[in-house]
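Work through the two exercises below with the model open beside you, and try each task before reading its solution.

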Amino acid sequence: MDLNILNTSLPSPIQELDLTASSLFSKSFRERDIRIFLKRDDLLGLEVQGTSRAFCGNKWRKLKYNLLEAAQSGHSTLLTFGGAFSNHIAAVAAAGQQFGFQTIGIIRGEQVKPLNPTLAYAKSCGMQLAFVTRSTYREKHTEAFQDSLSRKYGTFYPIPEGGTNALALKGAAELPSEIIQQLGFQPNAICVCCGTGGTLAGIIQGLEGRCHAIGYSVLKGDFMSAEVAKWLQSSQQNISGNWQIRTEVHHGGYAKYTSSLIDFINQFKLDFNIQLDPIYTGKLMYALAQEAEHFPKGSSIVAIHSGGLQGIAGFNERFGGLIKT
Ligand SMILES: *Cc1c(COP(=O)(O)O)cnc(C)c1O
């Protein structure tokens, strides 16, 4: 597999938001002379006819070196894990199709028919889906379960749930230098939403202390700092760097929403012509828009649009077309 083919969509565009064009960002942003840039990683990868990009965003960054490693180590099959609406499952399925890997997705929970848009898409990319109960799914890291997978599927390149491993961090670690080069200056902060925390950990790694990194946890609870520290530690990084996690920006928890979040996402689309998703990037931008006072006057802030738009179809199906596309 050729790195050049993977890299044809780099660098993803970076664009400044015209904050005068929107009432979503409080007056304080303008009064304090704060600029916000959006790093459009949602535009990474190939456009797929008739569907939202699936191999894109932070999943593109996280899979990049895993795909190369799988190819270099002679693997023809990728096996991974995820929930029924997972952006990661869709990304692995799409990447497998584009680069000629067989793909197997171990899906949490009973199969529901007809398949939801995420799983129907994964299947259409050729992914073999295997549904396991929630209790079996929790055992996925045990040796017994791994052995049963090997017996069933033979040799495969395993990718963890959410795609986070050392090679995923290596891919995300390329973001800061790409951003600084595009801007021509160092921003004050890079902001990204966190699920496993792997993307933030990679960004911290790649920043090497050049500016502040802020993670916005889309899950309820205050375990995210410890998760990020764990990922940094496991890649031999100094964990004490210049970073922090914002909690209480989750709108009720993972895949939960409030009507103000939905209104924000729909208005953001009208004001900036940029689609956000309700699970991840909508929560990031919603929180950021309330935070002018957190940043020094004259700051430049870069928010990562980490993709996730494939999830909107399934969200709309479940909750009645809330997100306008
Ligand atoms: C998976 C995902 C995340 C979370 O990334 P982590 O590395 O697990 O923290 C953020 N944004 C989008 C759009 C995602 O699909």
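**Exercise 1.** Which helices and strands each supply at least two residues of the shell around the ligand?

*Solution.* This is a predicted model, in which local features need pLDDT of at least 70 and side-chain atom pairs count only at pLDDT 80 or more, while totals for chains, interfaces and linings use all residues. Residues are numbered from 1 along each chain as its sequence is written, and side-chain values use heavy atoms, with hydrogens and water left out.

Step 1: the elements are α3 (57–72), β7 (189–194) and α10 (198–207), where helices (H or I, at least four residues) and strands (E, at least two) are DSSP runs numbered from the N terminus. Of these, α3 gives the most, with 3 residues.

Step 2: look at the polar contacts, that is, pairs of N or O atoms within 3.5 Å. A ligand oxygen lies 2.8 Å from a side-chain N or O atom of Asn58, and for Thr196 the distance from a ligand oxygen to such an atom is 2.6 Å.

**Exercise 2.** Describe the order of the strands in the open sheet of 6 strands, and explain what sets its edges apart.

*Solution.* Step 1: the order is β1-β2-β10-β7-β8-β9, with mixed pairing, where two strands pair if DSSP finds at least two bridges between them.

Step 2: β1 (14–16) and β9 (243–246) are the edge strands, and because each has a single partner strand, one side of each is left without a neighbour in the sheet.

Step 3: β8 (residues 212–217) runs parallel to β9 and is joined to it by 4 bridges; Gly215 has Ile245 in β9 as its bridge partner.

Notes
Polar contact = N/O pair within 3.5 Å; in protein donor to acceptor, adjacent residues only side chain to side chain.
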